[in-house]
Amino acid sequence: MTDQHISEEQLVDYVLGHLPDNEKEKIKYHLTVCRTCEAEWRHWQHLLAEKTYHPSPVLKRQIINSIEEKTTPVQPKRKKWRRSAVLAMTVASTILLGLGLLRMIDAESEQQGFVMAQHDEIPKETIEKKTGTNHLKIVPVVDNTNMTGGVWLNQSTNEMILHVDGLVPLHTNNYQLWLIHKNDDWNGELLNLRDGSIRVYYKGADIALLKYIKVSVEPPGGSLKPSGPEAFYVDLEKQTQ
């Protein structure tokens, strides 16, 4: 496992109990700090818990057609589930997918109540130019004059996009995003840095409840709570008044 997201192959082996104890412990901890990998893990738990049999070629074709019909390129979560379904047909051909899988996808998305995507998984139709979108400035904490970017927030569509360029690459640590709510609850998400840039898309009913966003430097694999120095922050309450 790298200091980025856990691969689907590793998650399958983890669910099936095929990993050595030291790798299990690393993955177990990573799942407590990375919501993206936790969602993938729960997905595989559902899949591998289903009653299985060998589907016929006709049924396999119907399953794939059904998934393609329900999947659109602007839905980052469904793109991810589609890749997971294809992998499932490869590494576990006895798993029954099809409409049952689609129902699980809908139930999982409804249970989580949010969509989080980074870089290539971000919808092509972004919210920057939508009516009601506010542009909020980031406030760098470290002395980095090359850092630029901002947050685009739309409470009507419950969407948020964070774009930041000029971040210094980290060789032994990770950047981690923190969303702090008005009731002081917070969530963390490991960030994938590409050429000094981060691109994050978030959609959830709690958008109106967010009051503060920050990115901090955390140990490899992330932290359960902010522990490292801040790179930058956005005070949503102050900038939206």
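## Close-up views of a predicted model

**View 1. A salt bridge joins D120 and R194.** D120 forms a salt bridge with R194. The closest N and O atoms of the two residues are 3.3 Å apart. D120 lies in the loop between β1 (114-118) and β2 (134-137). R194 lies in the loop between β7 (186-190) and β8 (198-204). The pair therefore ties together parts that are 74 residues apart in sequence. D120 counts as exposed, at 57% relative accessibility. R194 counts as partly exposed, at 36%. The model shown here, and in every view below, is predicted.

View 2. The chain has 241 residues. Its secondary structure comes to 7 helices and 10 strands. Buried residues make up 44% of the chain. Take the contacts with a separation of 6 or more: residues 24 or more positions apart account for 69% of them. The count of salt bridges comes to 5. One of them is the pair D120 and R194. Two others follow in the next views.

**View 3. R199 and D165 meet in a salt bridge between two strands**. The N to O distance is 2.9 Å. R199 sits in strand β8. D165 sits in strand β5 (residues 159-165). How accessible is R199? R199 counts as partly exposed, at 22% relative accessibility. D165 is partly exposed too, with a relative accessible area of 27%.

View 4. Is K214 buried or exposed? K214 counts as buried, at 15% relative accessibility. E230 has 22% relative accessibility and counts as partly exposed.

**View 5. P219 sits in the loop between β9 and β10**. P219 is partly exposed, with a relative accessible area of 38%. Which residues does P219 touch, leaving aside its neighbours within four places in sequence? P219 is in contact with N173, N174 and S227. N174 is 45 residues from P219 in sequence. In space, the two are 6.1 Å apart, C-alpha to C-alpha.

**View 6. R35 is buried without a salt bridge**. R35 lies in helix α3 (residues 35-49). Its nearest side chain of opposite charge is E38, 5.5 Å away. A salt bridge needs the nitrogen and the carboxyl oxygen within 4 Å, so E38 does not qualify as a partner for R35. What does the side chain of R35 make with the side chain of N187? The two make a polar contact, at 3.3 Å. R35 also touches F114, G188 and E189. That list, which includes N187 as well, does not count residues up to four places away in sequence.

**View 7. T36 makes a polar contact with E189**. T36 lies in helix α3. It is buried, with a relative accessible area of 9%. A polar contact of 2.3 Å joins the side chains of T36 and E189. E189 is also one of the residues that R35 touches.

**View 8. Helices α1 and α2 cross at roughly 110 degrees**. Two packed helices are described by the angle between their axes and the distance between the axes. Helix α1 spans residues 8-16, and helix α2 spans residues 21-33. Their axes come within 11 Å. Angles of 65 to 115 degrees count as roughly perpendicular. The two helices are therefore roughly perpendicular to each other. Which residues make the contact? On the α1 side they are Q10, L11 and Y14. On the α2 side they are E23, K24, I27, K28 and L31.

**View 9. Helix α1 has several buried residues**. In α1, E8, Q10, L11, V12 and Y14 are buried. Among them, Q10, L11 and Y14 also take part in the contact with α2. G17 follows α1.

Conventions
Residues are numbered from 1 along each chain as its sequence is written. This is a predicted model: local features need pLDDT of at least 70, side-chain atom pairs count only at pLDDT 80 or more; totals for chains, interfaces and linings use all residues. Side-chain values use heavy atoms; hydrogens and water are left out. Helices (H or I, at least four residues) and strands (E, at least two) are DSSP runs, numbered from the N terminus. Buried means under 20% relative accessible area, exposed over 50%, partly exposed in between (1.4 Å probe, protein chains only). Lys and Arg count as positive and Asp and Glu as negative; His and the chain ends are not counted. A polar contact is a pair of N or O atoms within 3.5 Å; within protein, one must be able to donate a hydrogen and the other to accept it, and residues adjacent in sequence count only if both atoms are side-chain atoms. Contact means heavy atoms within 4.5 Å. Axes are lines fitted to C-alpha atoms, for helices over the stretch in contact, and angles run from 0 to 180 degrees between N-to-C directions. Angles under 35 degrees count as roughly parallel, over 145 as roughly antiparallel, 65 to 115 as roughly perpendicular and the rest as oblique.
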